[in-house]
Amino acid sequence: QVDLVESGGGLVQAGGSLRLSCAVSGRSIASVNLMAWYRQAPGKQREFVAFSATGGTISYGDSGKGRFTISRDNAQNTVYLQMNSLKPEDTAVYYCAAGLGRSYIWGQGTQVTVSS
């Protein structure tokens with residue numbers, strides 16, 4: 001069983017920063033080519049935020065470009081999303097995902113609320 005547990009969300013003022021963590025159990029993330037972050041705001045569809053591939057390829061959605069950074073710590077088996085210069089429109093539940101060749105495995109999400 002592969003489990004992903006997000007943490008690090010919370011309430012922050014506009015302009016502030018948060019670092020989200022995705023702790024993975026049941027599989028070494030070094031063997032998972034694709035790790036990704038998505039987010040979903042109330043009443044909206046789930047939105048792509050960032051992905052990291054083991055070959056070094058990183059990509060960001062338009063909303064987080066220049067502000068968000070995805071990274072991996074293989075020793076801790078954890079994926080991070082550093083979020084800077086947060087805006088109220090970043091308010092959402094943030095989900096970690098692991099691509100295992102056939103489908104995504106999803107975490108349960110962590111709430112990020114940015115106040116103005």
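In this predicted model, strand β9 and strand β10 (residues 104-106) pair in the antiparallel sense over three bridges. Strands are DSSP runs of E with at least two residues, helices are runs of H or I with at least four, and both are numbered from the N terminus; two strands count as paired if DSSP finds at least two bridges between them. The protein has zero helices and 11 strands. Its radius of gyration, taken over C-alpha atoms, is 13 Å, close to the 13 Å that the globule rule (2.2 Å times the number of residues to the power 0.38) gives for 116 residues, so the protein is as compact as a globular protein of that length.

Local features need pLDDT of at least 70 and side-chain atom pairs count only at pLDDT 80 or more, while totals for chains, interfaces and linings use all residues. Residues are numbered from 1 along each chain as its sequence is written, and side-chain values use heavy atoms, with hydrogens and water left out.

**Overall dimensions**

- Along the principal axes, the C-alpha atoms fill a box of roughly 40 × 25 × 25 Å.
- Of the 116 residues, 40% count as buried, meaning under 20% relative accessible area, with exposed set at over 50% and partly exposed in between (1.4 Å probe, protein chains only).
- The accessible surface, from the Shrake-Rupley method with a 1.4 Å probe, comes to about 6000 Å², and 46% of this belongs to carbon and sulfur atoms.
- Among contacts (heavy atoms within 4.5 Å) with a separation of 6 or more, 54% are between residues 24 or more positions apart.

- The bridge partner of Gly99 in β10 is Tyr104; β9 and β10 form a hairpin with four residues between them, and Gly101 in the turn has a positive phi of about 95 degrees.
- β4 pairs with β9 in the antiparallel sense over seven bridges, and Tyr38 has Tyr95 as its bridge partner in β9.
- β9 and β11 are antiparallel over three bridges, with Ala92 opposite Val112 in β11.
- Val93 lies in β9, which spans residues 92-99; beyond four places in sequence, its contacts are Tyr38, Arg39, Gln40, Gly109, Thr110 and Gln111.
- The C-alpha atoms of Val93 and Gly109 are separated by 5.8 Å, with the two residues 16 apart along the chain.

**Strand β8 and its partners**

- Five of the six residues of β8 (residues 78-83) are buried, so β8 is largely enclosed by the rest of the structure.
- Six bridges join β8 to the antiparallel strand β3 (residues 18-25), where Cys22 has Val79 as its bridge partner in β8.
- Six bridges also join β8 to β7 (residues 68-73), again antiparallel, and Asp73 is partnered by Thr78.
- The hairpin of β7 and β8 has four residues between the strands, and Asn77 takes a positive phi near 55 degrees there.

- Beyond four places in sequence, Met35 touches residues including Leu4, Cys22, Val79, Cys96 and Ser52.
- Ser52, in strand β5, is buried with a relative accessible area of 6%, and its contacts include Ile70 and Arg72.
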